[in-house]
Amino acid sequence: MPDSSFTPTDRSRVKRLHERGKYDEATVFAILDAAFIAHIGYIMDGQPFVTPTAFWRQGRTLYWHGSAASRMLRFQEKGVPACVAVTHLDGLVLARSGFHHSINYRSVMAFGTARLVDDPKEESDQLDLFIDRLYPGRRGEIRPNEKQELKGTTVIAMEIEEASAKTRSGPPKDDEPDYDLDVWAGIIPIHQTVGEAIADPLLKAGVGFPKGLTGYAPGVRFDELLTANLAD
């Protein structure tokens, strides 16, 4: 495989419907960058846990954060094997038989070792990147992080050692005889979209909506907005 691809092993290779699997950085990163919530899987005290959390990416490294008092993060900061999963539901696929009903989706599973970001500057810089990833230019408008806030926050990093993407798109695939049935078949698209912004009731008079956030217009697809934010 080219250097820009992840080399799959038994833990990351797509086995079922293997033709849907991809391992190149472009596909994997595009799916990750269009997402905001990931599910982090790990084993703690012999018990599997899967925790949903906000995340962000820089190069081949994934980051997530939370309270320094979090049991999950205190465990992960020791350096533990982890799996990060992201999924986008793009549509419901209706076929002419129950067996061939499906969904259109984009997904990634990434494997690595979770570690604590213990450098104060890296921690502060990454939290700033997290804010600006969602809200371009926002860090220049709000007050800086205070030392006590940084002390109460833990940032975890995981370099991606292996990753695989799995996707489905397009119409249903029915058995040949079923195409003659008088049954509707097709796709119902499913997307997460932006709603109308609601101002804080305690907002100071005369403060308008941030100019840098005009992309958050009602009806805009959230996954496309996240991707566009990174391109700006």
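A: Residues are numbered from 1 along each chain as its sequence is written, and side-chain values use heavy atoms, with hydrogens and water left out.

The partner of Arg71 is Asp45: their side chains meet in a salt bridge at 3.4 Å, N to O (a salt bridge is a side-chain nitrogen of Lys or Arg within 4 Å of a carboxyl oxygen of Asp or Glu). This pair links distant parts of the chain, 26 residues apart, with Arg71 in helix H2 (residues 71-76) and Asp45 in the loop between strand E2 (37-44) and E3. Helices (H or I, at least four residues) and strands (E, at least two) are DSSP runs, numbered from the N terminus. Asp45 has a relative accessible area of 70%, so Asp45 counts as exposed.

Salt bridges elsewhere give the pair some context. The whole structure holds 17 of them. Lys121 and Asp125 form one, with the closest N and O atoms 2.7 Å apart. Both of these residues lie in helix H3, 4 residues apart, or about one turn of the helix. Lys121 is exposed because its relative accessibility is 57%, whereas Asp125, at 33%, is partly exposed. Arg138 and Glu141 make another salt bridge, with 3.5 Å between the closest N and O atoms; Arg138 is partly exposed, at 29% relative accessible area. A network of salt bridges links Asp90, Arg106, Arg221, Asp223 and Glu224.

Helix H3, which carries the Lys121 pair, spans residues 120-134 and has 15 residues. H3 reaches 22 Å from its first C-alpha to its last, close to the 21 Å expected at 1.5 Å a residue (the expected span is 1.5 Å times one less than the number of residues). The buried residues of H3 are Glu123, Ser124, Gln126, Leu127, Phe130, Arg133 and Leu134. Their cover includes helices H1 (25-33), H4 (147-151) and H5 (222-231), together with strands E3 (47-58), E4 (61-67) and E7 (153-159).

Ser5, in the segment before E1, has a relative accessible area of 11% and so counts as buried. Not counting residues up to four places away in sequence, Ser5 touches Tyr23, Asp24, Glu25 and Arg60; contact means heavy atoms within 4.5 Å. Asp174 sits in the loop between strand E8 (162-168) and E9 and is buried because its relative accessible area is 10%. Leaving aside neighbours within four places in sequence, Asp174 is in contact with Ala95, Arg96, Ser97, His100 and Tyr179. Asp174 and Phe99, 75 residues apart in sequence, are 9.0 Å apart in space, C-alpha to C-alpha.

Leu92 belongs to strand E5 (residues 80-94) and is partly exposed, at 35% relative accessibility.

The chain as a whole has 5 helices and 9 strands, in the sequence pattern β-α-β-β-β-α-β-β-α-α-β-β-β-α. Its C-alpha atoms fill a box of roughly 65 × 50 × 35 Å along the principal axes. Of the 232 residues, 39% count as buried. Among contacts with a separation of 6 or more, 71% come from residues 24 or more positions apart. The accessible surface is about 13600 Å², with 56% belonging to carbon and sulfur atoms (Shrake-Rupley method, 1.4 Å probe; for residues, only the protein chains shown count as cover).

On confidence, the mean pLDDT of the chain is 93, and 98% of its residues reach 70 or more; pLDDT is the predictor's confidence in each residue, from 0 to 100. Where pLDDT is low, the predicted coordinates should not be read in detail.

Definitions and conventions: This is a predicted model: local features need pLDDT of at least 70, side-chain atom pairs count only at pLDDT 80 or more; totals for chains, interfaces and linings use all residues. Buried means under 20% relative accessible area, exposed over 50%, partly exposed in between (1.4 Å probe, protein chains only).
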